Amino acid sequence: MSDDPSGDAEPRLGSTPAVTVRPADRADLLDVLRIERNSFSDPWPYAAFESVLDAPAFLVAVGPGVDGDDTLLGYVVGDVMPNHGRDIGHVKDLAVRPDARGQGVGRRLLREALFGLALAGAAVVKLEVREGNDAARSLYREEGFEPTRRVPRYYGDGEDALILVVDVEAWRASE
Ligand SMILES: CC(C)(COP(=O)(O)OP(=O)(O)OC[C@H]1O[C@@H](n2cnc3c(N)ncnc32)[C@H](O)[C@@H]1OP(=O)(O)O)[C@@H](O)C(=O)NCCC(=O)NCCS
């Protein structure tokens, strides 16, 4: 994943929204793209999101925005790759609208994605995070991810990526 948190210009949501998390559909993609562009210096293009519409954990969080109307607050993209009976989940993208951050939406999306990936057969889930992305690294650490290795100059601007992994076998067992 790439990440470059930015764009805190919009007013913040006043209270914790009543958030629903559900699978993404095509009608969500323009809102997803808008958040993606507000969140990353090297955003995914529209076609990349289109290509993961059937992924087991492309989820969106919807809840009241600053005007009180239901708004797409964030999304997560997670997929599963076969791996000789020990499938590997991959959280490929995660972002929350700048004005909805810090209210638990990112954590909720991540947890639901991990659960969905476990249900889809993943034994472990991995992701990449920028070394300097303190907010995301803190979230991942709290959710049990551990660093496995560093990929030097993984991102286009030369920043290193850390590869983090969490075991979700226990969630599979509790299906
Ligand atoms: C990372 C991101 C998805 C977190 O979403 P969020 O809804 O703001 O996160 P939450 O409110 O669920 O917070 C969960 C945890 O994340 C960490 N966190 C969130 N914002 C933080 C901040 N500004 N500074 C430090 N830690 C932060 C904390 O550990 C927090 O737990 P706490 O509330 O107990 O302190 C969001 O900041 C974002 O969209 N960033 C830009 C895109 C990005 O970097 N995506 C990740 C790519 S790897």
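This is a predicted model: local features need pLDDT of at least 70, side-chain atom pairs count only at pLDDT 80 or more; totals for chains, interfaces and linings use all residues.
Residues are numbered from 1 along each chain as its sequence is written. Local features were required to have pLDDT of at least 70 and side-chain atom pairs pLDDT 80 or more, whereas totals for chains, interfaces and linings use all residues.

The protein chain contains 5 helices and 7 strands, where helices (H or I, at least four residues) and strands (E, at least two) are DSSP runs numbered from the N terminus. Along the sequence these elements follow the pattern β-α-α-β-β-β-α-β-α-β-β-α. Of the 175 residues in the protein chain, 35% are buried; a buried residue has 20 or more other C-beta atoms within 10 Å of its own, with C-beta atoms placed from the backbone. Among contacts with a separation of 6 or more, 66% involve residues 24 or more positions apart, a contact being a pair of residues whose C-beta atoms, placed from the backbone, lie within 7 Å.

The 7 strands form an open sheet of mixed pairing, in the order E1-E2-E3-E4-E5-E7-E6. Two strands are taken to pair if DSSP finds at least two bridges between them. Strand E1 (20-23) and strand E6 (146-151) are the edge strands, each pairing on one side only. On average, neighbouring strands of this sheet are turned by 25° against each other, direction ignored; axes are lines fitted to C-alpha atoms, for helices over the stretch in contact, and angles run from 0 to 180 degrees between N-to-C directions.

Strand E4 (residues 87-96) is largely enclosed by the rest of the structure, because 8 of its 10 residues are buried. Strand E3 (residues 70-81) runs antiparallel to E4 and is joined to it by 8 bridges. In this pairing Val 76 stands opposite Leu 94. The hairpin of E3 and E4 has 5 residues between the strands, and His 84 in this hairpin takes a positive phi near 50°.

Strand E5 (residues 122-130) runs parallel to E4, with 4 bridges between the two. Here Asp 87 stands opposite Ala 122, and Ile 88 stands opposite Val 124. Together with helix H3 (residues 105-119), E4 and E5 make a right-handed β-α-β unit; right-handed denotes a clockwise path from the first strand over the helix to the second, with the strands pointing away from the viewer.

A further helix, H1 (residues 29-39), lies across strand E2 (57-64), E3 and E4. The helix runs at about 85° to E3.

Methods
A residue is buried if 20 or more other C-beta atoms lie within 10 Å of its own, exposed if 12 or fewer, and partly exposed in between; C-beta atoms are placed from the backbone. Two residues are in contact if their C-beta atoms, placed from the backbone, lie within 7 Å.
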